[in-house]
Amino acid sequence: SAQVRGLCGTFNGDQRDEFTTPEGDVELGVAAFANAFRAAGACPALGPGIPDPCDGFPGSRERAEAACAVLMGPAFQ
């Protein structure tokens with residue numbers, strides 16, 4: 001069977017190993033896992049708290065809420 005690895009997880013039905021790093025270690029936190037895939041100097045390391053993606057893009061929260069409203073609406077029930 002094919003094996004999946006990386007930022008999308010392992011896709012093997014076992015959530016305990018979803019945060020497997022390129023070195024084969026299993027991280028417990030999202031930030032440490034994401035930082036394991038970071039190219040040195042390419043972007044800042046994530047801190048212990050994950051930033052809200054809407055904070056960096058004005059108006060994104062409203063657009064996201066409007067798009068999600070469609071998915072939560074009667075068309076998809």
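Visitor: What is the relative accessible area of Phe37?
Guide: This is a predicted model. Buried would need under 20%, and exposed would need over 50%. Phe37 falls in between, so it counts as partly exposed. Its relative accessible area is 31%.

Visitor: How many aromatic pairs does a search of the whole structure find?
Guide: Two rings pair if their centres lie within 6.5 Å. With the whole structure searched, the number of aromatic pairs is two.

Visitor: Are the rings of Phe19 and Phe33 stacked or edge-to-face?
Guide: Their centres are 4.9 Å apart. Planes under 30 degrees apart count as stacked. The planes of Phe19 and Phe33 meet at 25°, so this pair is stacked.

Visitor: How many residues apart in sequence are the parts that Phe19 and Phe33 tie together?
Guide: Phe19 sits in the segment before α1. Phe33 belongs to helix α1 itself. The pair therefore ties together parts whose separation in sequence is 14 residues.

Visitor: Is Phe33 buried or exposed?
Guide: The limit for buried is under 20% relative accessible area. Phe33 has 5% relative accessibility, so it counts as buried.

Visitor: Are the rings of Phe33 and Phe37 stacked or edge-to-face?
Guide: The ring centres of Phe33 and Phe37 are 5.3 Å apart. Planes over 60 degrees apart count as edge-to-face. The planes here stand at 70°, so the pair is edge-to-face.

Visitor: Which residues do ring pairs link into a cluster?
Guide: Phe33 pairs with Phe19. Phe33 also pairs with Phe37. The cluster linked by these ring pairs is Phe19, Phe33 and Phe37.

Visitor: The backbone oxygen of which residue lies 2.6 Å from a polar atom of the side chain of Thr20?
Guide: Look in the segment before α1, where Thr20 is found. Thr20 is buried, with a relative accessible area of 7%. A polar contact needs a pair of N or O atoms within 3.5 Å. At 2.6 Å from the Thr20 side chain lies the backbone oxygen of Asp17.

Visitor: Leaving aside neighbours within four places in sequence, which residues is Thr20 in contact with?
Guide: Contact means heavy atoms within 4.5 Å. With those sequence neighbours set aside, the contacts of Thr20 are Arg5, Thr10, Asp25, Val26, Phe33 and Phe37.

Visitor: What distance separates the C-alpha atoms of Gly29 and Met72?
Guide: Gly29 is placed in the segment before α1. Gly29 is partly exposed, with a relative accessible area of 29%. Along the chain, Gly29 and Met72 are 43 residues apart. Their C-alpha atoms are separated by 30 Å.

Visitor: What accessible area do Val70, Leu71, Met72 and Phe76 have together?
Guide: These four residues form a nonpolar patch on the surface. One of them, Val70, is found in helix α2, which covers residues 60-72. Val70 counts as exposed, at 52% relative accessibility. Together the patch residues have an accessible area of about 470 Å².

Visitor: What distance separates the C-alpha atoms of Glu62 and Phe76?
Guide: Glu62 has its place in helix α2. With a relative accessible area of 53%, Glu62 is exposed. Phe76 is 14 residues away along the chain. The C-alpha atoms of Glu62 and Phe76 are separated by 20 Å.

How values were computed: Residues numbered from 1 in each chain as written. Predicted model: local features only at pLDDT ≥ 70, side-chain atom pairs only at ≥ 80, totals over all residues. Heavy atoms only, no water. Helix = DSSP H or I, 4+ residues; strand = E, 2+ residues; numbered from the N terminus. Buried < 20%, exposed > 50% of the residue type's maximum accessible area, 1.4 Å probe, protein only. Polar contact = N/O pair within 3.5 Å; in protein donor to acceptor, adjacent residues only side chain to side chain. Phe/Tyr/Trp six-rings, centres within 6.5 Å; stacked < 30°, edge-to-face > 60°. Patch = residues over 30% accessible without salt bridge, like charges linked within 9 Å, V, L, I, M, F, W, Y side chains within 5 Å. Areas by Shrake-Rupley, 256 points an atom, 1.4 Å probe, with all protein chains shown as cover. Salt bridge = Lys/Arg side-chain N within 4 Å of Asp/Glu carboxyl O.
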